[in-house]
Amino acid sequence: MPANSTTYVSNQVPLGLSYFICPHVNCSITQGFHWFNAVDFAGKCGDPVYAAAAGVVQRVAYGWNGGGGNNIRVEHPNGVVTYYGHIQKALVAVGQQVSQGDVLGLMGGKPGTLGAGISTGCHVHFDVRGAKNPFAK
């Protein structure tokens with residue numbers, strides 16, 4: 001491993017009665033259930049964003065993307081897709097197999113930065129497509 005690289009370790013465990021873990025170590029929801037079966041998790045720009053469950057990276061997109069900014073989508077073996085929006089930098093590639101807790105990218109969303117989309121601050125927009133979002137209340 002290069003001397004200037006950073007290693008992230010997830011210490012997260014699955015939610016009881018859920019297939020998913022929280023995609024951020026903080027797991028503090030700043031915006032409850034909203035657009036596209038989603039919640040927002042607070043953090044600092046540059047924090048790691050974790051795969052909520054094992055799967056294959058379906059999409060890595062940079063730019064405005066309808067306000068979602070830079071984003072990553074992971075398709076899981078059960079057909080459910082998770083979406084991680086306002087990503088500062090993706091650390092995975094399309095087609096890559098990921099395990100639950102692997103780092104997908106770094107949290108972004110700082111207004112005015114490239115790839116922030118419509119955002120009021122650093123956070124990850126997490127939505128679940130094809131199943132109930134276990135974090136939505």
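These questions and answers go through a predicted model of one protein chain.

Reader: How many helices and how many strands does the protein chain have?

Author: Along the sequence the pattern reads β-β-β-β-β-β-β-β-β-β. The count for the protein chain is therefore zero helices and ten strands.

Reader: What share of the residues in the protein chain is buried?

Author: A residue counts as buried when its relative accessible area is under 20%. The protein chain has 137 residues, and the buried share of them is 46%.

Reader: What part of the accessible surface belongs to carbon and sulfur atoms?

Author: The protein chain has an accessible surface of about 6,800 Å². The part that belongs to carbon and sulfur atoms is 57%.

Reader: Among contacts with a separation of 6 or more, what percentage is between residues 24 or more positions apart?

Author: A contact here means heavy atoms within 4.5 Å. Of the contacts in the protein chain with a separation of 6 or more, residues 24 or more positions apart account for 59%.

Reader: Which residues of the largest nonpolar core touch the most other members?

Author: The largest nonpolar core holds 24 residues. The members that touch the most others are Ile72, Tyr84 and Leu104.

Reader: Which element gives the largest share of this core?

Author: Two or more core residues come from each of β2 (38-42), β5 (71-75), β7 (87-90), β9 (103-107) and β10 (123-129). The largest share is three residues, and the strand that gives it is β10.

Reader: Is Ile72 buried or exposed?

Author: Ile72 sits in strand β5. Its relative accessibility is 1%, and the limit for a buried residue is under 20%. Ile72 therefore counts as buried.

Reader: Which residue of β5 is the bridge partner of Val60?

Author: Strand β4 (residues 55-61) and β5 run antiparallel and are joined by five bridges. In β5, the partner of Val60 is Ile72.

Reader: Which residue in the hairpin of β5 and β6 takes a positive phi?

Author: This hairpin has five residues between the strands. The positive phi is near 90°, and the residue that takes it is Gly79.

Reader: Which are the edge strands of the open sheet of three strands?

Author: The order in this sheet is β3-β9-β7, with antiparallel pairing. Neighbouring strands are turned by 40° against each other on average, direction ignored. An edge strand pairs on one side only, and here the edge strands are β3 and β7.

Reader: Which residue of β9 does Pro48 stand opposite?

Author: β3 and β9 pair in the antiparallel sense over three bridges. In β9, the residue opposite Pro48 is Leu106.

Reader: How many disulfides does the whole structure have, and what pattern do they follow?

Author: A disulfide is a covalent bond between the sulfur atoms of two cysteines. A search of the whole structure finds two disulfides. With bonded cysteines counted along the chain, their pattern is 1-2, 3-4.

Reader: Is the disulfide of Cys22 and Cys27 right-handed or left-handed?

Author: The sulfur atoms of Cys22 and Cys27 are 2.5 Å apart. Cys22 is buried at 7% relative accessible area, whereas Cys27 is partly exposed at 32%. The torsion about the S-S bond is about 120°, so the disulfide is right-handed.

Reader: Is the disulfide of Cys45 and Cys122 right-handed or left-handed?

Author: The S to S distance between Cys45 and Cys122 is 1.7 Å. Cys45 is partly exposed at 29% relative accessibility, and Cys122 is partly exposed at 24%. The torsion about the S-S bond is about -90°, so the disulfide is left-handed.

Reader: How many residues apart in sequence are the parts that Cys45 and Cys122 tie together?

Author: Cys45 lies in the loop between β2 and β3 (48-50). Cys122 lies in the loop between β9 and β10, so the parts that the pair ties together are apart in sequence by 77 residues.

How values were computed. Residues are numbered from 1 along each chain as its sequence is written. This is a predicted model: local features need pLDDT of at least 70, side-chain atom pairs count only at pLDDT 80 or more; totals for chains, interfaces and linings use all residues. Side-chain values use heavy atoms; hydrogens and water are left out. Helices (H or I, at least four residues) and strands (E, at least two) are DSSP runs, numbered from the N terminus. Buried means under 20% relative accessible area, exposed over 50%, partly exposed in between (1.4 Å probe, protein chains only). Accessible areas come from the Shrake-Rupley method with a 1.4 Å probe; for residues, only the protein chains shown count as cover. A nonpolar core is a set of buried Ala, Val, Leu, Ile, Met, Phe, Trp, Tyr and Cys residues joined through side-chain atoms within 4.5 Å. A disulfide is a pair of cysteine sulfur atoms within 2.5 Å. Two strands pair if DSSP finds at least two bridges between them. Axes are lines fitted to C-alpha atoms, for helices over the stretch in contact, and angles run from 0 to 180 degrees between N-to-C directions.
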